[in-house]
Amino acid sequence: MTAPFDAQVPQNLDAEMAVLGACCVRGIEAVEEAAAVIRSQLAFLGPGHAAIWTVLCRMAAAGTPIDLLTVGRELQRTGVTTERAEALSETLLRLSDSFADAGNVPYYVAMVWEAHLRAKLMALGHRMRSQAGNLGEDV
């Protein structure tokens, strides 16, 4: 008999905030640098982080200037509910202070992507474990 699968999903909320904060402060260049590694908004697990990342990537692709004000406005423009927009605006304000050094963005990006990959591996392992234990089903 095996123990139940109850491990915590790997995440690094501080690194997520550092990446998003650097992107909001440094603009399109930082978004493009981060997007070269982080290829899915699913890598962001913090509250509102995936929505902010999606908007940042869309803005960078369109060549729209990126800063805290423009990102906040774009979040509201894209149909985010008022309550959610307010919560995301608060998150944006925290993001601007959340990274220690803009030069460390590649390191923060690697931390976020690694946590995402580890979470995917855990989910795959859990699925495999579940299927292996179910004798009535083909694997």
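Biologist: What share of the 139 residues in the chain is buried?
Modeller: Buried residues make up 35% of the 139 residues, where buried means under 20% relative accessible area, exposed over 50%, and partly exposed in between (1.4 Å probe, protein chains only). This is a predicted model, in which local features need pLDDT of at least 70, side-chain atom pairs count only at pLDDT 80 or more, and totals for chains, interfaces and linings use all residues. Residues are numbered from 1 along each chain as its sequence is written, and side-chain values use heavy atoms, with hydrogens and water left out.

Biologist: And how many helices and strands does the chain have?
Modeller: The chain has 6 helices and 0 strands; helices (H or I, at least four residues) and strands (E, at least two) are DSSP runs, numbered from the N terminus.

Biologist: Where do α1 and α2 stand relative to each other, and at what angle do they cross?
Modeller: The axes of helix α1 (residues 13–26) and helix α2 (residues 28–35) come within 6 Å and cross at roughly 145°. Axes are lines fitted to C-alpha atoms, for helices over the stretch in contact, and angles run from 0 to 180 degrees between N-to-C directions.

Biologist: Which residues make that contact?
Modeller: From α1 they are V19, A22, C23 and R26, and from α2 they are I28, E29, A30, V31, E33 and A34; contact means heavy atoms within 4.5 Å.

Biologist: Turning to charges, how many salt bridges are there in the whole structure?
Modeller: The search finds 4 salt bridges, each being a side-chain nitrogen of Lys or Arg within 4 Å of a carboxyl oxygen of Asp or Glu. One of them joins R26 and E29, with the closest N and O atoms 3.3 Å apart. R26, E29 and E33 are linked in a network of salt bridges.

Biologist: What about R77, which residue does it pair with?
Modeller: R77 forms a salt bridge with E74, the closest N and O atoms being 2.7 Å apart. The two are separated by about one helical turn, because they lie 3 residues apart in helix α4 (residues 68–77). R77 is exposed at 59% relative accessibility, whereas E74 is buried at 11%.

Biologist: And in α6, how far apart are E114 and R118 along the helix?
Modeller: E114 and R118 are 4 residues apart in helix α6, so about one helical turn separates them. Their side chains meet in a salt bridge (2.9 Å, N to O).
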